[in-house]
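Please brief me on the structure shown below. I am new to it and would like the main points grouped by topic.

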Amino acid sequence: MHGAQLASHAKPWAFLSVMGRPLLGTDFDRDYWYPIRDGAKERNSGPRYGRWARPEMPAVPEMAGEDIYRLRHWAKAKLDEAGDIPRVAVEVRMGHELPGVEGTYSEVTVVMEERIVEYLQGVWEKEVVGAGLWTPSFPMALPDDLVNAAAPLVSGLPVLEYE
């Protein structure tokens, strides 16, 4: 799915804002989460409308009134459910620090990260896509005028091509 996302635009970021820019600085709750959670009417774009185009989105009744932070609780439960992912990897993934000696001497390895990705991909395929709760609608390229408006990388480093 990441490959399809990267192929949908020519920018160095995997995920762009709807304006074709990096997601940093975006009001995620207002611009993304609330319309997904509560539903939103179709919207046209252009100077007259002052916003970007958006198809109609149905509300997700199971998430009514829920804060996006609730998804972190679900992710933590899913990682704990696996049973074979080290605690340090789960806690670091959640943005937590382990106290004491365990926190001082534990570190996350590439193998641990790969296990998390493998497990969560399986959960996604089985419990979300496989259960018919969501069907991807991509690759769907952003409009060229928006994609070309994105700022270059701040670092000035060359962009690695994805194959």
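In this predicted model, pLDDT, the predictor's confidence in each residue on a scale from 0 to 100, stays under 50 over residues 146-157. For that stretch the model has 18 contacts beyond four places in sequence, a contact being heavy atoms within 4.5 Å. Where pLDDT is low, the predicted coordinates should not be read in detail.

**Confidence and conventions**

- The protein averages a pLDDT of 76, and 75% of the residues score at least 70.
- Confidence is lowest in helix α7 (residues 144-147), with a mean of 48, and highest in helix α4 (residues 87-93), at 90.
- Residues are numbered from 1 along each chain as its sequence is written, and side-chain values use heavy atoms, with hydrogens and water left out.
- Because the model is predicted, local features need pLDDT of at least 70 and side-chain atom pairs count only at pLDDT 80 or more, while totals for chains, interfaces and linings use all residues.

**Overall make-up**

- The protein has seven helices and zero strands; both are DSSP runs numbered from the N terminus, helices being H or I with at least four residues and strands E with at least two.
- Of the 163 residues, 21% count as buried, where buried means under 20% relative accessible area, exposed over 50% and partly exposed in between (1.4 Å probe, protein chains only).
- Among contacts with a separation of 6 or more, 47% come from residues 24 or more positions apart.

**Helix α2**

- Helix α2 covers residues 28-38, and its buried residues are D31, Y32, W33, P35 and R37.
- These buried residues pack against α3 (69-82).
- D31 has a relative accessible area of 11%, and its side chain is joined to that of R30 by a polar contact of 2.6 Å.
- A polar contact is a pair of N or O atoms within 3.5 Å; within protein, one must be able to donate a hydrogen and the other to accept it, and residues adjacent in sequence count only if both atoms are side-chain atoms.
- G39 follows α2 and has a positive phi, near 85°.

**Helix α3**

- The 14 residues of α3 should span 20 Å at 1.5 Å a residue, and its end C-alpha atoms are 21 Å apart, which agrees; the expected span is 1.5 Å times one less than the number of residues.
- Just after α3, G83 takes a positive phi of about 85°.

**Helix α6**

- Helix α6 (residues 110-129) has 20 residues and reaches 27 Å from its first C-alpha to its last, close to the 28 Å expected.
- M112, I116, Y119, V123 and V128 are buried in α6.
- Seen down the axis of α6, these buried residues fall within an arc of 115°, so they line one face of the helix; the arc is that of the directions from the helix axis to the C-beta atoms.
- The face turned away from this buried side carries the exposed residues V110, V111, E118 and K126.
- The buried residues of α6 pack against α3 and α4.

**Nonpolar core**

- The largest nonpolar core has 11 residues: L79, I85, V88, A89, V90, M94, L98, M112, I116, Y119 and V123.
- α6 gives the most to this core, with four residues, and α4 and α6 each supply at least two.
- Such a core is a set of buried Ala, Val, Leu, Ile, Met, Phe, Trp, Tyr and Cys residues joined through side-chain atoms within 4.5 Å.
- Not counting residues up to four places away in sequence, M94 touches R72 and K76.
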